[in-house]
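Work through the exercises below with the model open. Each task is followed by a stepwise solution.

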Amino acid sequence: MNWLDRSRSLAPPGFNRWLIPPAALAVHLCIGQAYATSVYKSALIGHFDVSQTAIGVIFSIAIVMLGLSAAFMGTWVERSGPRKSMFVAACFWGSGFLVGAAGIFTGQLWLVYLGYGFIGGIGLGIGYISPVSTLMKWFPDRPGMATGMAIMGFGGGALIASPLSTALLKTFDGFDPAVDGANWIASGDAVGKLFLTLGIIYFLVMLYGVANIRVPAPGWKPRGWDDTRIRSTAMVTRSHVSAANAIKTRQFWLLWTVLFLNVTAGIGILEQASPMIQDFFRAENGVSTVSAAVAAGFVGLLSIGNMAGRFAWSSASDVIGRKRIYMLYLGAGAVFYVVLAFFGGGSMLLFVAMAVLIISFYGGGFATAPAYLKDLFGTFQVGAIHGRLLTAWSAAGIAGPLIVNGLLDAQGKPGTMSAANYTPVLLTMVALLVIGFVASTLVKPVDAKFHEPELEPAATAMKGA
């Protein structure tokens with residue numbers, strides 16, 4: 001297994017850095033399947049005969065493990081290199097599906113928690129940070145674009161997973177449109193076979209990324225790029241702050257709060273997307289005008305918004321600044337949630353437009369975070385600081401689904417609710433985003449007492465590694 005070592009993945013002279021994004025996307029598109037869990041959520045509720053909250057816990061465990069593994073394994077990922085860490089991520093992610101399938105076939109929900117949630121969640125965290133760190137090293141001249149390019153794959157994973165899962169579920173169930181109709185819900189057996197299939201497919205695709213990832217040689221810089229020309233402003237420091245000192249600053253915890261609230265507001269909707277659009281457009285006879293296939297298409301559109309927001313908004317932050325872009329995510333997001341709550345049920349076009357924009361802000365918040373950390377704390381240990389910040393994602397992975405599913409469980413069961421039943425949930429999201437907006441306005445430059453002593457660039461890089 002020596003071919004997995006960092007030394008075996010060193011790029012040769014003249015290597016084209018634009019060959020790295022496809023390798024990074026191979027991993028992020030696979031682990032981005034986590035955003036398509038709503039496609040089979042109703043099937044699992046029926047199969048295990050449990051509440052929405054009980055099934056939502058699967059997703060929550062996965063997101064908690066994502067944040068924890070990213071926070072605690074970040075140093076190991078840096079030391080081992082992207083090839084080995086991406087291979088480990090593929091093993092965890094693929095085997096998580098297989099263990100989850102065993103739980104579905106045997107009717108043991110705890111095995112799904114263990115497989116998809118715990119084991120798969122570790123694969124999510126390691127897979128998430130491996131390409132991000134590597135791409136930032138290949139594109140030091142465009143940090144916002146680089147982080148957006150890496151993380152947009154995670155947001156786009158559902159774009160592939162949602163229609164693929166729906167097609168596979170129909171195949172496994174022998175779906176007949178004349179018999180099953182628009183309210184068809186897949187069987188548990190079909191979901192189990194889906195997990196087996198996805199586990200194998202994702203493992204093989206992630207191996208493509210493992211085989212093609214490369215790290216730049218020490219001291220490598222893009223041709224013609226002069227790092228002394230980097231702009232320095234009040235909100236963009238040229239000093240450095242260690243990870244240990246960063247978590248002592250007010251700025252770190254304000255950003256943690258902003259990310260936590262922005263993610264909580266978006267993650268609950270993503271996890272509920274498929275049944276939500278069907279409930280919003282339910283006729284008086286109780287039958288939804290939105291079929292399962294159309295609902296899966298809506299999940300795919302959200303995935304496009306999530307993916308595009310990560311690249312577009314993060315790239316825009318290189319021009320208009322990180323603080324202003326976060327104020328846009330949170331302020332405009334709150335307004336759009338109000339429109340969705342009171343007018344979304346009257347127009348499917350308005351409903352979809354508001355939801356896609358909200359999710360684009362959600363994705364943009366993720367992609368902009370590493371560059372914001374680099375602006376505030378410097379490049380010294382930005383990877384380790386980013387890993388610690390992702391614990392906000394873990395916390396949101398618990399809070400978001402619990403809030404949404406808890407409020408919806410009090411309203412009724414899937415297949416019986418309407419748009420009005422979602423009003424308490426959506427207004428709760430508005431309150432969260434308003435609090436996040438206030439926190440964002442309070443972010444100021446880091447006090448000089450937290451800065452590291454002046455170091456030579458080479459020494460800084462070596463100490464940071």
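This is a predicted model: local features need pLDDT of at least 70, side-chain atom pairs count only at pLDDT 80 or more; totals for chains, interfaces and linings use all residues.

**Exercise 1. The domain interface**

How many residues of domain 1 are in contact with how many residues of domain 2?

*Solution.* 
- Step 1: take the bounds. The domain assignment gives domain 1 as 9–217 and domain 2 as 235–445.
- Step 2: count contacts. 46 residues of domain 1 touch 50 residues of domain 2, with heavy atoms within 4.5 Å.
- Step 3: Over C-alpha atoms, the centres of domain 1 and domain 2 are 20 Å apart.
- Step 4: size the interface. An interface's size is often given as the accessible area lost when the parts come together. Here domain 1 and domain 2 bury about 3,800 Å² between them. Carbon and sulfur atoms carry 65% of that area.

**Exercise 2. Helices α5 and α6**

Find how α5 and α6 are oriented, and which residues make the contact.

*Solution.* 
- Step 1: locate the helices. α5 covers residues 109–138, and α6 covers residues 143–173.
- Step 2: read the geometry. Their axes come within 8 Å and cross at roughly 155°.
- Step 3: classify. Angles over 145 degrees count as roughly antiparallel, so α5 is roughly antiparallel to α6.
- Step 4: assign the hand. α5 and α6 cross in a right-handed sense.
- Step 5: list the contact. α5 supplies Leu 124, Tyr 128, Pro 131, Val 132, Leu 135 and Met 136. α6 supplies Ala 146, Thr 147, Met 149, Ala 150, Ile 151 and Phe 154.
- Step 6: sort by class. The contact of α5 with α6 has eleven nonpolar residues, one polar and no charged.

**Exercise 3. Helix α12 and its partners α13 and α16**

Describe how α12 packs on α13 and on α16.

*Solution.* 
- Step 1: take α13. α12 (residues 322–343) and α13 (residues 348–377) pack at about 160°, with axes 9 Å apart. They are therefore roughly antiparallel.
- Step 2: The crossing of α12 and α13 is left-handed. Its contact residues divide into 19 nonpolar, four polar and three charged.
- Step 3: take α16, residues 423–441. α12 and α16 also pack at about 160°, with axes 9 Å apart. This pair is therefore roughly antiparallel.
- Step 4: assign the hand. α12 passes α16 in a left-handed crossing.
- Step 5: inspect the α12–α16 contact. Residues from α12 include Lys 323, Tyr 326 and Phe 342. Those from α16 include Leu 426, Phe 437 and Ser 440.
- Step 6: sort by class. The contact of α12 with α16 holds 16 nonpolar, six polar and one charged residues.

How values were computed: Residues are numbered from 1 along each chain as its sequence is written. Side-chain values use heavy atoms; hydrogens and water are left out. Axes are lines fitted to C-alpha atoms, for helices over the stretch in contact, and angles run from 0 to 180 degrees between N-to-C directions. Helices (H or I, at least four residues) and strands (E, at least two) are DSSP runs, numbered from the N terminus. Angles under 35 degrees count as roughly parallel, over 145 as roughly antiparallel, 65 to 115 as roughly perpendicular and the rest as oblique. A crossing is left-handed if the near helix is turned anticlockwise from the far one by less than a right angle, and right-handed if clockwise. Ala, Val, Leu, Ile, Met, Phe, Trp, Tyr, Cys and Pro count as nonpolar, Asp, Glu, Lys and Arg as charged, and the others, Gly among them, as polar. Domain bounds come from an automatic or database domain assignment. Buried area is the accessible area (1.4 Å probe) that two parts lose on being put together, summed over both.
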